Amino acid sequence: MDLDNYSEYDNPLIWPIISLLQEKPTGWMIHTLADALRRQDLLNTLDDDPEKDLFKRNFLLMNALYQLQEILLPKQWLQAQAMDIRLSHNMASAQNQIDLDDPLRGYYLDWRNYNTDAQAVKALLSSFWRRYQSHIGSSKTDPTTSLSSSNQQDLAILDLPADATASQIRRQWRKLALRWHPDRPNGDTEQFRKICEAWQRLDSNT
């Protein structure tokens with residue numbers, strides 16, 4: 001997809017997204033929205049590199065959401081947060097105003113970032129997964145379970161040996177997160193949740 005000459009409203013996902021939001025105004029997250037569009041055959045593979053593919057699809061979605069914020073005002077307010085996307089009648093409040101200085105908004109509205117380099121993609125995906133972990137939280141560990149035993153269980157979830165290093169843990173988590181991310185064709189939300197929670201516990205204990 002060549003986006004070099006795209007104009008302000010050329011994002012092809014804008015109108016399918018507004019149709020989905022009008023049908024179901026709340027309860028959306030970026031990956032559930034992507035899955036709904038994929039089922040309609042509207043969001044297919046965009047890059048041979050799996051990480052770039054995931055990034056580009058997320059970019060198109062966020063770009064469309066930020067554009068829709070402006071299109072729908074003042075009658076409706078669209079909350080464009082990756083883990084909480086909702087459409088409502090606009091209430092006059094500071095919370096329901098577009099923050100023109102929001103760096104995230106500026107990033108996703110700049111089409112030049114769509115074809116960003118691989119290292120930048122890795123950094124952005126890492127940031128996204130950290131925000132996702134914050135959203136889902138950590139499962140409570142049985143208080144009778146020792147720290148070392150808990151670590152061993154989490155390492156087993158990540159298919160890692162007991163003596164795995166911090167860098168090995170991080171690489172394996174990234175690999176499995178990409179494999180099971182709900183936005184991937186064969187992704188699994190529950191498996192993704194488990195590995196994110198395991199990594200979050202391991203990361204907080206190192």
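Guide: Lys56 is buried, at a relative accessible area of 10% (buried means under 20%, exposed over 50%, partly exposed in between, with a 1.4 Å probe and protein chains only). The model is predicted, so local features need pLDDT of at least 70 and side-chain atom pairs pLDDT 80 or more, while totals for chains, interfaces and linings use all residues. Residues are numbered from 1 along each chain as its sequence is written, and side-chain values use heavy atoms, with hydrogens and water left out.

Lys56 belongs to helix α3 (helices are DSSP runs of H or I with at least four residues, strands are E runs of at least two, and both are numbered from the N terminus). What does Lys56 touch, leaving out residues up to four places away in sequence? The list is Leu46, Asp47, Tyr114 and Asn115 (a contact means heavy atoms within 4.5 Å).

Stay in α3. Asn58 sits in this helix too. Asn58 is buried, with a relative accessible area of 7%. Its C-alpha atom is 8.3 Å from that of His31, although 27 residues separate Asn58 and His31 along the chain.

Seven of the 10 residues of α2 are buried, leaving the helix mostly covered. The buried set is Ile30, His31, Leu33, Ala34, Ala36, Leu37 and Arg38. Beyond the helix comes Asp41, with a positive phi near 60°.

How do α2 and α3 meet? Two packed helices are described by the angle between their axes and the distance between the axes. For α2 and α3, the angle is about 100° and the axes are 11 Å apart (axes are lines fitted to C-alpha atoms, for helices over the stretch in contact, with angles from 0 to 180 degrees between N-to-C directions). The two helices are therefore roughly perpendicular (65 to 115 degrees; under 35 counts as roughly parallel, over 145 as roughly antiparallel, the rest as oblique). From α2, the contact uses Ile30, Leu33, Ala34, Leu37 and Arg38. From α3, it uses Arg57, Asn58, Leu61, Met62 and Leu65. Seven residues of this contact are nonpolar, one is polar and two are charged (nonpolar: Ala, Val, Leu, Ile, Met, Phe, Trp, Tyr, Cys and Pro; charged: Asp, Glu, Lys and Arg; polar: the others, Gly among them).

Now the strands. β1 and β2 pair in the antiparallel sense over six bridges (pairing takes at least two DSSP bridges between strands). They form a hairpin, with two residues between the strands. Gln79 has Arg86 in β2 as its bridge partner.

Arg86 also opens the charge story. Its salt bridge is with Asp84, with closest N and O atoms 2.9 Å apart (a salt bridge is a side-chain nitrogen of Lys or Arg within 4 Å of a carboxyl oxygen of Asp or Glu). Arg86 is partly exposed at 36% relative accessibility. Asp84 is partly exposed as well, at 22%. Shared partners link Asp35, Arg38 and Arg39 into one salt-bridge network.

Back to α3 for another pair. Glu70 and Arg105 form a salt bridge through their side chains, at 2.1 Å from N to O. Arg105 lies in helix α4 (residues 103–108) and Glu70 in α3, so this pair ties together parts 35 residues apart in sequence. Which of the two is buried? Arg105 is, with a relative accessible area of 8%. Glu70 is partly exposed, at 39%.

One more pair: Asp110 and Arg112 meet in a salt bridge of 2.8 Å, N to O. Arg112 is exposed, with a relative accessible area of 70%. The count comes to eight salt bridges.
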